Amino acid sequence: MSSPLRLGIAGLGTVGVGLVRIIQRNADLLALRAGRPIEITAVCARSRTRNRGVDISGYAWEDDPVTLVRRDDVDLVVELMGGENGPAKALTEAAIAAGKDVVTANKALLAMHGLDLARAAEEAGVALRFEAAVAGGIPVIKALSEGLAGNRISCVKGVMNGTCNYILTRMEDAGLPYETVFEEANQLGYLEADPTLDVGGIDAAHKLTLLSAIAFGVQPDFDAITTTGIERISIEDIRAAADLRLRIKLLGVARLSGRGLEQSMSPCLVPADSPLGQLKGGTNMVVIEGDAIEQVILRGPGAGEGPTASAVIGDIIDIARGLRLPVFGQPVATLQPAVSARATAAKPWYLRMTLLDKPGALAKVAEALGNAGVSINRMRQYGHEDTRAPVVIITHKTTRDAIDHAASLALATGVLVGEPVAMAIEAD
Ligand code: HSE
């Protein structure tokens, strides 16, 4: 058997510990599948003494991630520290500069600096792999960049943040308001250290940035994605959606039309009985549409120790086997700018507004929508709350720009309490 592949692991949190466990538990299997032993030689984390429930005494300890990278007995660097800048970026750059392969789970780093890092990796002739950065244990990067590489992809969409999906499904199942479920998720440890990464849609948009780059051959560009979080979704929205046999999902959509690439991460409504509508709790789902396959649906655990470590070790085995792939599926110089085609695709929209309950209020809102070119398909008025009347409108197909215009005209009428909540209805 060939010489071992020697790993330096930076970061021993949930995923790092999961990786150590897999390598210790499955050493024989890994060696068979990789064609060579996979060994950990050195580790680096914030605390040396913390009890992590795994034995790391056999590995050299480094306090400084960059020193870990420079060790002669480290061939491959595993970056599991997280963070868009700081030590994770310094470590990744140092590893590439030292000619070492890198495996990372860091979606923020790659979504924000992926183009530069990919260029550097390509120039240095090293691998930079990131399966664990998107949808946890689902091998979606591999599916797009290898199994489906022969397809012209027309659409990648899905639920890519388990915490948001947990919050939305728990609100519906338990009939609880957003604030209560958010606090529950916090107590359960589901939220990122900065919860806005989850509920603001940013974490999921980082993931969509990476999928888009591979699927459509564009430069990873987080800013090209129109991102809206779930913070304004109320229990009234959840109930109104259920009334309409729809469910609310934080849905990432990257769709190629004749006019360009439309990319958004936002709460959307999907049919309740569709695969996306049926998705419960922290599970992720990615739907890929291509000219040869029509549709492939991948579903699985989007986070957690085992699933994320499974994705990391998959990348490590590929590198041990000698597999060398372009970071984003094709040479960096051929990736096109991700020019966003906002507002091109017409869809039905859900609008929830709270009106002052006085004569003519609804007529003013209807006129505002008409003036924006938005046509009403269905409308429901829910139980009055004192002097307020909650109204849900389903429009005929229209664009995001028209909806934004309609919402601002409706606000200007002075008959609304608060801002309208608008969500596209995505056919599954
Ligand atoms: N906070 C993320 C989620 C973890 O809830 O999906 C994996 O990125």
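View 1. Y166 is buried, with a relative accessible area of 13%, where buried means under 20% relative accessible area, exposed over 50% and partly exposed in between, using a 1.4 Å probe and protein chains only. The model is predicted, so local features need pLDDT of at least 70 and side-chain atom pairs count only at pLDDT 80 or more, whereas totals for chains, interfaces and linings use all residues. Residues are numbered from 1 along each chain as its sequence is written, and side-chain values use heavy atoms, with hydrogens and water left out. Y190 is partly exposed, with a relative accessible area of 40%.

**View 2. The aromatic pair of Y166 and Y190.** Three aromatic pairs are found in a search of the whole structure; rings of Phe, Tyr and Trp (its six-membered ring) pair if their centres lie within 6.5 Å, and planes under 30 degrees apart count as stacked, over 60 as edge-to-face and the rest as tilted. The ring centres of Y166 and Y190 are 4.9 Å apart and their planes stand at 85°, so this pair is edge-to-face. The pair links distant parts of the chain, 24 residues apart, with Y166 in helix 7 (residues 162-174) and Y190 in the loop between helix 8 (178-187) and helix 9 (196-199); helices (H or I, at least four residues) and strands (E, at least two) are DSSP runs, numbered from the N terminus.

**View 3. The aromatic pair of Y178 and F182.** Here the ring centres of Y178 and F182 are 6.0 Å apart with planes at 35°, so the pair is tilted. Because Y178 and F182 are four residues apart in helix 8, about one helical turn separates them.
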